[in-house]
Amino acid sequence: MTSAEALTSLQWVPLHARRFGHRCCLVHDAIKGKIPEHFDVFKSTMSQQHGYNTRNAYMLVISKPRIECGKNKTYYKALTDWALLPTELKKLMPKRIFKYKLKQFLLHQF
């Protein structure tokens, strides 16, 4: 049995997909306002959005980094990963349901 077959039989997500999922959970928490104080960059990104609820509140503005190493920053990777999610996962929902749907998406995608 190969490692890929073992992962699918156990319904485990590969490491790069788990990292993708953790970054998406970070953005989900940031949209809800439940992030630690040391993530000031996320707070400034979220403040670019307007203060009222609309149908496209989950669509975040991603600014392009000025230098190439800016693409390796956590907030940039998290926002670009969030942009890759399907629309039904970007809508606000309880965290438990979001994590379940995200895992199902990652199992089928990777």
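Reader: Let me start with Gly70: is this residue buried or exposed?

Author: Gly70 is buried, because its relative accessible area is 10% and the cut-off for buried is under 20%. Please keep in mind that we are reading a predicted model.

Reader: Where in the chain does Gly70 sit, and which residues does Gly70 contact?

Author: Gly70 belongs to the loop between helix H3, residues 40-47, and helix H4. If we set aside neighbours within four places in sequence, Gly70 is in contact with Pro65 and Tyr76.

Reader: You mention helices. How many helices and how many strands are there in the protein chain?

Author: The protein chain has 6 helices and 0 strands. Read along the sequence, that gives the pattern α-α-α-α-α-α.

Reader: Which share of the contacts joins residues at least 24 apart?

Author: Take the contacts in the protein chain between residues at least 6 apart in sequence: 56% of these join residues at least 24 apart.

Reader: Next, aromatic rings. What describes a pair of aromatic rings?

Author: The general idea is that two values describe such a pair: the distance of the centres and the angle of the planes. In this structure the count comes to 1 aromatic pair. Its members are Trp82 and Phe98, with 6.0 Å centre to centre and 40° between the planes.

Reader: Why is the pair of Trp82 and Phe98 called tilted?

Author: Planes under 30 degrees apart count as stacked and those over 60 as edge-to-face, with the rest as tilted. The 40° between the planes of Trp82 and Phe98 therefore makes the pair tilted.

Reader: Which parts of the chain does this pair tie together?

Author: Trp82 lies in helix H4, residues 74-84, and Phe98 lies in helix H6, residues 95-109, so the pair ties together parts that are 16 residues apart in sequence. Both partners are worth a check for burial. Trp82 is buried, with a relative accessible area of 2%, and Phe98 is buried too, with a value of 0%.

Reader: Which residues does His28 touch?

Author: Leaving out residues up to four places away in sequence, His28 touches Trp82, Leu92, Met93, Lys95 and Phe98. That list includes Trp82 and Phe98, the two members of the aromatic pair. His28 is found in helix H2 and counts as buried, at 0% relative accessibility.

Reader: How far apart are the C-alpha atoms of Lys99 and His28?

Author: These C-alpha atoms are separated by 9.9 Å, although the two residues are 71 residues apart along the chain. Lys99 lies in helix H6 and counts as partly exposed, at 45% relative accessibility.

Reader: And pockets? How much space lies in the largest pocket, and which residues lie nearest its centre?

Author: The largest pocket holds about 330 Å³ of space. Its lining has 15 residues, and Val13, Arg18, His22, Lys103 and Leu106 lie nearest its centre. The elements that give two or more residues to this lining are helix H2, residues 15-32, and H6. The largest share, 6 residues, comes from H2. By type, the lining divides into 9 nonpolar, 3 polar and 3 charged residues.

Technical notes: Residues numbered from 1 in each chain as written. Predicted model: local features only at pLDDT ≥ 70, side-chain atom pairs only at ≥ 80, totals over all residues. Heavy atoms only, no water. Phe/Tyr/Trp six-rings, centres within 6.5 Å; stacked < 30°, edge-to-face > 60°. Helix = DSSP H or I, 4+ residues; strand = E, 2+ residues; numbered from the N terminus. Buried < 20%, exposed > 50% of the residue type's maximum accessible area, 1.4 Å probe, protein only. Contact = heavy atoms within 4.5 Å. 1 Å grid on protein atoms, 1.4 Å probe; cavity = no way out; pocket = protein on both sides within 12 Å on 5 of 7 lines; lining within 4 Å. Points joined across faces, edges and corners; volume = space filled by probe spheres on them. Nonpolar A, V, L, I, M, F, W, Y, C, P; charged D, E, K, R; others polar.
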